[in-house]
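Trainee: I am new to this one. Please pick a single part and take me through it closely, then place it in its chain.

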Amino acid sequence: MSVEHTRRDLLKLAGYGAGAAALTPMLSQLAPHAAGADAKKFPRRVVFVVQSNGMTPGHLVPSGVARPKNGRPGNDRLEEAALKGRTLHKAIDALAPFQDRLALIQGLSGRIAVSDHSANHGCLGACPANKGPMLQTIDSAMSDALPGVFPHVALGMPDGAGNVMNYRLSAAGPGKAVPIVCSPALAFKSLFGSVSDGAGRAAFDQKTNLLAFMADDVTRARGGLAGEERRKFDQYLEAFEALHGRQKELLAKADDLKKHAPKLGERAASPVSSIILESQFEIAAAALVAGVTNCVTLASGGGGQSFGKFPAFNIPDLHGIGHGHAYGRPSSEECFVELRQFHVKLIAGLAKKLEGVKEGDGTVLDNTLIVYLSDSGDGHHPSRYEWPVVLLGNLGGTLKTTGRHLQFPHDQSKNHRTLASLYCTLLHAAGKPRDSFGVNDPAITQCPQSGVIPELLA
Amino acid sequence: MFTRVGLAVMAVAASAASAGAADTSADTTLATAFLKSHCLKCHHAEKPAGSVRLDDLADFAKDGGRWLAARDQVRDGLMPPKMERRPADGDARAFVAWVTLQSGAPAAPLPNQGNLIPHELLFGKPAAAGPPAGRVWRLSPEAYMGFAADLYRGKIAAGVVQPFTLTPERGIKDFAGLYAIDEPSAEVLLRNAEAIVTAQTAHEVKDGKVVGKNDAVREFLGLMDPAVAPTTPQLEAAVHAQYRMAIGRPATPDESDRLLRLYDLCLKTGDRPGSARTMLQAVLLRTDAMFRRELGHGGGRRILTPPEAALALSLALGNRRDPWLTAAAAKGELATREQIAAGVRRLLDDPKADKPRLLKFFREYFEYAQAANVFKDKPTAFAHEPQQYVADTDRLVLHVLAADRDVLRELLTTDKSFVNYGTAKNKQTRLDEPKPAVVTPPRRDGKTGVLTPIPSVEAAYGFKQWEPRQPMTLPPGTRLGVLMQPSWLVAWSTNFDTDPVRRGRWVRERLLGGAVPDLPIGVVAQVPNDPHRTYRDRLAVTRAELCWKCHRQMDDLGLPFENFDHYGRFRAAEDVVDAAATEKNIDKKGNPLGAVHKQVSLVTTGAVAASGDAGLDGPVKDPREFVKKLAASARVRQVFIRHVFRFYMGRNETLADAKALQDADREYVGSGGSFKALLVSLLTSESFLYRTGPPGPKEMK
């Protein structure tokens, strides 16, 4: 929404600052490791799945692993349990086929993003929750590391107020919220519509001509403007230039797009939340397989009090279940479990699709990482002393997700780690390392808040 | 140790005076004395508190960062610390104002930061004036839909969706500096343009002839026959028609030529109708369709051009181009301030002219419409209908605006309210007649089947019976004005409780013009969940030194509204859990049977402190006395005018806007509190109508 920095500014900065931006020695050493010797052989991909209303830590606890009935684990050292031979909690048992590709991560804190209900950009940004898009979030940062025709595809579901975009979870930089497209119809048209909607080459060419014309038109209009006013038109110009540039790349991938375009039919316009999410997951899978993007964010509600509604499941108000409403079930926990099961099935379905596509000697899933968490941390009214995260896949062998349940030490321990460190780890794994991420939690003084979590790197 | 500060400050004063700033040596002396009296005891060279030295401050040009840091600490009440002598409120204000003046008082970008310009600099000094720089302002979401409707005979074409989003922050949202158009939004605009032009060119072929369907645009139909090449005049006529609908003027010859070239280019690989549609879509995507341009003509100080003024006024009050203003601009009749003032008055006085942004201002200012977004457990013993509360307050605001007398005072203190107000058409007279908007059915006991009547919406206002004669006079001694409407009280409540802190913050910011710092990072602000204590009692946690630095600006302003529960219902006592009785409430086996409640006496007192209006400061006994005091304050009135300014200008005020603000205040007072008079003053002010700086792009003149 904001126009603080346009791509032109960033390019200028990159030009001026290329020397200054040289990697620190430590980062330089780690970068080749993270990139891997043969990592560029196949594209690597990442999918962030953000579900509203919190993720109950208990849902990630497999059989045979103890967790206090009330309160949080008090371990001072990392406690690890192999998932092999254990049963997953029923809320996530749809992930059983991928049990040996999982890391169920517990105990990372995210107190810097303390807020009620949703951490907003703080979830993916490891930053304060209510200060808007104050920095680049991890999904956007990963898209920089894993570029594609569409650098970052962000899909979600509407908030019920008629908004087609959700600007509250993802950001490309300070003041630059990334819009999450909440309409499957719109998302489909953006990704696949240009070459597979039957309109034919003529319509495609006309759109190309129109985009070129508009880029020229805005260029003329911006002449004579200065400062912030010019910046507004610059952003509009960049939009047309980017869309125009993409036309060529889409044309080159036309066969793949036609081959993989999902058959949504009437579902594309369905107002039912569960169907919208199913459609968005299908679109995401197709976009990854067709090779038009390597970075996807999938948001089920999220941001502010936009939890989403699932009346089709007889859970009309997700806020309600956070306040004990059970909607005819024995307890509200049943509602939380049902919703978790639905989302996990979608994630498992996505993984299965990626696993079904050959890539070299392996599959697309071998080069993919799915990160599943909630924008509301560990609950509807979260403490954020722990922020449960599920990792599925190893991003081309760079992460150690071999079927592990990891309970990191509590927030007062010198061995404690934060969500920010996980994000640093992901960026190292993706080959674009960062030594720090987000905003430090001032209440944490006894443990590092920067650097990677070495136990997660392969 | 102090000498350097004294010298530095004097140097700053000299430069400010030479620049013509509204500063006096008296102010400078006061600021210097303030620093010496309240800061240098701790922030000196020997052992600087917090490693911050202030004894070596140079002038603002060199040491601006430290001056501003010191100012912010004083302004936010964080310094001097509690154990030190408090500065007099007036001295602290003068210091803040003086430092702000040295900084040039740049406008803060976000709507909720407008109060960072001290009130005294805008209303306490002789008015400064100076037009702002030229700017462009992206259409608001509502204005975009108005734009879309103008293209299709007042209807929204199928497939058009909202491309624009506003900040989710509370308060005024549409500031010109905040929004551009990013790639995903541009993509939506492209699809919308396609949908609109498809609707505009809808047709069928009958007997070999193209015949328009629905509300197709006549000028476009001649381009839709794939077998017949349109003539150049036909193409030009279509371009002009689209320009008039989208931009409010015909295309220039250059613009028309470029579009015809686009048509020819598309024709190389496509058919004629498709090429024509592409050409027509391009008009809808132009910058001058998507942005309000407020650049004026030429350089230096200049007035908006008539087309710019027509659109600016149209979108100030409504969401679509006003046809009369557009026509007047085309005839060059909006070229002077007097002509524009006449246009504003005509628009305001025309009952048929749609002016949704009048109500929208009050919705964003009071924020009562948020009531519908505050989730609460649905009560079983009474109705809770927040959307109806909002509708009732909307109606009240419009009622007060229609009378247009003492508008702010009325809104704050009226004893009238619309109550569960709806209308139905009388089939015989065909007139709209009042009826209850919400009818709450009785509740049926699941076991006995007995029906129990449920108090409906009117009960939230304190009435047992709904009356058709509206607005109703509220029960005496209960509630007055918007701040005691159920909608406002619910909007400023939480899921389970009232919210005196944020209510107080609202009063501090929206009525007193204060600025409360955001919650410090890492602080978990939680009121103890002790159901056996009153909320006022539980809120005592904020009196801890660390919290009270900020909470002293809010809590006492919000606590009088504890006269109402979190559903917005009047109460004379507060319901709490009786801990002792609950402990004894067990069955024979010792199992708890549930909480036992009791009523405890309610305290509704509050206090105003450091308001900037000495007549306002002091204790208040209840919310009714409180709002009456607020309504009588000149400062409150002026702060209200500052917010009106922000909403209609789409930006925060600067020192250069002081004249516009003071003129508006004078007009408002002189007219007996007419909101129309206030708007006419603001919409014809230098701040609204004039621009300065370098000339805009040639094409935009």
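Mentor: Start with a definition: helices (H or I, at least four residues) and strands (E, at least two) are DSSP runs, numbered from the N terminus. The model is predicted: local features need pLDDT of at least 70, side-chain atom pairs count only at pLDDT 80 or more, and totals for chains, interfaces and linings use all residues. Residues are numbered from 1 along each chain as its sequence is written, chains are lettered from A and ligands numbered from 1 in the order written, and side-chain values use heavy atoms, leaving out hydrogens and water.

Our part is helix α21 of chain B, residues 500–511. Its twelve residues reach 15 Å from first C-alpha to last. That is close to the expected 16 Å, where the expected span is 1.5 Å times one less than the number of residues. Ten of the twelve are buried, so α21(B) is largely enclosed by the rest of the structure. Buried means under 20% relative accessible area, exposed over 50%, partly exposed in between (1.4 Å probe, protein chains only). Among the buried residues are B:Trp506, B:Arg508, B:Glu509 and B:Arg510. Just after α21(B), B:Gly513 takes a positive phi of about 75 degrees.

Now step back to the chain. Chain B holds 30 helices and 16 strands. Of its 701 residues, 54% count as buried. Its C-alpha trace spans about 90 × 85 × 50 Å along the principal axes. Take contacts (heavy atoms within 4.5 Å). Among those in chain B between residues at least 6 apart in sequence, 67% join residues at least 24 apart.
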